[in-house]
Amino acid sequence: MAPPPSEDDGSTSSRTPLIPAPPPRRAVTRLNPLALLVAAAFAASYHFLVAPSPSYYHSLFLSLGSNDTAAAHLRALTLRPHLAGTEANARAAAHVVSALSSLNFPTHVAPYSVLLSYPIHRSLSLSAPGRGTTPFALVQDTYPGDPYAAVSAEAVPTFLAYASSGSVAAEVFYANYGRPEDFAYLASRGVNVTGKVALARYGKVYRGDIVINARNAGAAAAVIYTDAKDYAAGKAFPDGPWMPPTGVQIGSTFKGVGDPTTPMWASSEGCERMSVAEAMATDDMPQIPALPVSGRDGEAILQLIGGDVAPEDWQGGDGAPVYRLGPGPTVLNLTYAGNETMATIQNVISVIEGKEEPERYIILGNHRDAWTFGAVDPNSGTAALLELAHRFSELQKKGWRPRRTIILCNWDAEEYGLVGSTEWVEENRAVLTSRTVAYLNVDSAVYGAGFYASATPQLDELLKEASKQVQNPDNETESLYDLWMASDSSSLIGRLGGGGSDYSAFVQHIGIPSVDMSMGSGYPVYHSLYDDFVWMEKFGDPLFRRHVAVASIWGLVALRLSDEEILPFNYSIYAVELENGAIDINERLLGVPVSLSPLQKSIEEFKRAALKVDSELKALHTWKIWPSSRTNPLKVRDLNERLMMTERAFTEREGLSGRPWYKHLIYAPSLHDDYGAQVYPGVDDAIQMAERTNTSESWRSVQHEIYRLARVINQASLVLSGGLT
């Protein structure tokens, strides 16, 4: 593992400030009043007649896209597997530092020492009556002609990060997708899972939830496999995009966020830390041994499980054996030994300083670390970030300076639990909460066809407007907006409540308006050895036009947020979102002794605040149409402050009950699926508990959560309207 890049390789100190220091004061030559008037008139006429408008630079930005630049960066970043904390990932960081520094953007590395997990030993074998013992190789095979065959040996062995070390020999049972309802079904059928090994298939929920659900049900260990029905429905890579028979999805099982040894605070030098043993013993860790296996190995186990036949929706695809519930008579012998160790990770931070409002930040982020080669996840996003940065550099050569500061961030150790971004946000919390306008995230830029986006609601309209200006990479006659509107998705714009990427700390911890976007929404070789440049070149984006499209909308949204005098936020959409969430909650509370009145009243107040702001925005935009009319800069500043800070008001210091890191009371991960976004998560958690226990105390807890929710919405209304009670 390499240290952070030194100052002689193009980077600055690892602790340089985000914004360069102001120049020293110079002597001032005083002009007489007439001279001042003449100078002001000249400056005004120059602005209107000579200086290009922001829209000129935005159009120029869109014209500068380069698929060759994106492809070259992706190839360079995916030459070797580059797991967080390794020498290979330090080299990938150096590539990002070099690329950004060469564009004359002040760039530095922000390192953190964090707890990561690596495998030392793994073994899995199957013992069945009359069949003896069958060991599993636990190896992902290369293929004839694989250009990465030689370096594939550098990839981490298949494992689940933070799984508990230990050995288990016990009967195996089948748990479908490993959701709470799946284990509840097994219990209803009288399947005894205590002390047994759970076999579950990937999909539906986060793998960490699968293992923890198995633990909570009483299982002694867990095995997760990739079912052909979900991951191998066509020709396998390299002949097609689907997972090969020996492909394995590697990943983390940590349900927490950030460095496990520094929960709720930054992993800065000399900080307070939990011991490794304490960190591994928390409820966010699996606490039982677990391994991922291939579809071929999973099917081999399923063929030998007895017991009752599983339900139809638990079965595999065409040609699969009949899946049975078990347990046994087959016994799985599982051994896992892990090495949980402190390692150095490296965030790369690059700053394009704003001219008029340098203390206001537009932050763009993508992570760099990968379980293997990471061509899709995440380095399609890194390649798009660097291609976008190249365009920003070209704009600067043409005279562009952003009104507000743009910060480009390349995170590390996202795959372990959003570690790099979380530590940076926790360390810079006070500055970020007072200065950040928005955070724009791209994890994997390209999975395939189609455009997908999630956002906090005030950014919905901006996303749609920007998508109308970007060409559909797969059809030159239409825009990205046309492609998006043709989607059959039930929800056009998703919400950022899930824990799937680096927006989590920005939205759910400190309340920053945020966006996440991609071309495509999933791919079969996820987190496997086959997520390499060949897969991307053959199936993900053969012409690299999709990379350019993502960089275009990503950069255009950033430019509008950084350059427009009045922030392009729309809170009327947020009011609709709050109202729809209340309707869903109301349906779940029919016939129970809980009142939704406090929430409904707070939403009505928020709707009034949103209408007031809409009127102010219309008035300001009307004034701006007439050159003879000057907008009041203090009024614009005040309005922008309110638009920027309203999202913060949806957070509460104490956070969600039992999940204090999550401060946002409107959006957070679902309690039993870290990938799933939940609206009104505190109320949802309380309702789930009340439904299980059905006690008067539990229903009072639901009422309490409704009051808490109403209070933050009332606070948001006050911030948005700019008034005091």
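1. Asp460 is buried, with a relative accessibility of 5%. Its side chain meets that of Arg495 in a salt bridge, at 2.8 Å from N to O. Arg495 also counts as buried, at 16% relative accessibility. Asp460 belongs to helix α14 (residues 460-467), whereas Arg495 sits in the loop between β14 (493-494) and α16 (503-509), so this pair ties together parts that are 35 residues apart in sequence.

2. The protein chain has an average pLDDT of 92, and 91% of the residues score at least 70. Residues 1-49 have a pLDDT below 50, and beyond near neighbours in sequence this stretch has 50 contacts in the model. Where pLDDT is low, the predicted coordinates should not be read in detail.

3. Further salt bridges deserve attention. The structure holds 36 of them. Side chains of opposite charge can pair when their charged atoms come close. One of these pairs is Asp182 with Arg179, whose closest N and O atoms are 3.0 Å apart. Asp182 and Arg179 are both buried.

4. A salt bridge also joins the side chains of Arg273 and Asp259, at 2.9 Å from N to O. Arg273 and Asp259 both lie in the loop between β7 (251-252) and α9, so the pair ties together parts that are 14 residues apart in sequence. How accessible is Arg273? Arg273 is partly exposed, with a relative accessible area of 32%. Asp259, by contrast, counts as buried at 1% relative accessibility.

5. Salt bridges with shared partners connect Glu357, Glu359, Arg360, Arg403, Arg404, Arg637 and Glu641 into one network.

6. His509 has its place in helix α16. With a relative accessible area of 5%, His509 is buried. Which residues does His509 touch, not counting residues up to four places away in sequence? They are Glu426, Arg429, Ser504, Trp661 and Lys663.

7. Two helix pairs may be examined next. The axes of helix α22 (residues 681-693) and helix α23 (residues 696-721) come within 8 Å and cross at roughly 170 degrees. The helices α22 and α23 are therefore roughly antiparallel to each other. On the α22 side, the contact is made by Gly682, Val683, Ala686, Ile687, Ala690, Glu691 and Thr693. On the α23 side, Ser698, Trp699, Ser701, Val702, Glu705, Ile706 and Leu709 take part. The residues in this contact of α22 with α23 comprise eight nonpolar, four polar and two charged.

8. In the other pair, the axes of helix α3 (residues 67-77) and α17 come within 9 Å, with a crossing angle of roughly 145 degrees. Ala71, Leu74 and Arg75 of α3 meet Phe533, Met536 and Glu537 of α17. By class, the contact of α3 with α17 has four nonpolar residues, no polar ones and two charged ones.

9. Backbone geometry calls for a closer look at several residues. Most residues other than glycine have a negative phi, and most peptide bonds are trans. Gln287 is not a glycine, yet its phi is positive, at about 65 degrees. Gln287 lies in the loop between α9 (276-280) and β8 (290-293). With a relative accessible area of 32%, Gln287 is partly exposed.

10. His527 likewise is not a glycine and has a positive phi, of about 60 degrees. This residue is found in the loop between β15 (514-519) and α17 (533-540). Is His527 buried or exposed? At 4% relative accessibility, His527 counts as buried.

11. One joins Gly326 and Pro327, where omega is about 0 degrees. Pro327 is located in the loop between α10 (295-302) and β9 (331-352). Another cis peptide bond joins Asp377 and Pro378, with omega about 10 degrees. Pro378 lies in the loop between β10 (357-367) and α11 (379-397).

Technical notes:
Residues are numbered from 1 along each chain as its sequence is written. This is a predicted model: local features need pLDDT of at least 70, side-chain atom pairs count only at pLDDT 80 or more; totals for chains, interfaces and linings use all residues. Side-chain values use heavy atoms; hydrogens and water are left out. Helices (H or I, at least four residues) and strands (E, at least two) are DSSP runs, numbered from the N terminus. Buried means under 20% relative accessible area, exposed over 50%, partly exposed in between (1.4 Å probe, protein chains only). Axes are lines fitted to C-alpha atoms, for helices over the stretch in contact, and angles run from 0 to 180 degrees between N-to-C directions. Contact means heavy atoms within 4.5 Å. Ala, Val, Leu, Ile, Met, Phe, Trp, Tyr, Cys and Pro count as nonpolar, Asp, Glu, Lys and Arg as charged, and the others, Gly among them, as polar. pLDDT is the predictor's confidence in each residue, from 0 to 100. A salt bridge is a side-chain nitrogen of Lys or Arg within 4 Å of a carboxyl oxygen of Asp or Glu. Angles under 35 degrees count as roughly parallel, over 145 as roughly antiparallel, 65 to 115 as roughly perpendicular and the rest as oblique.
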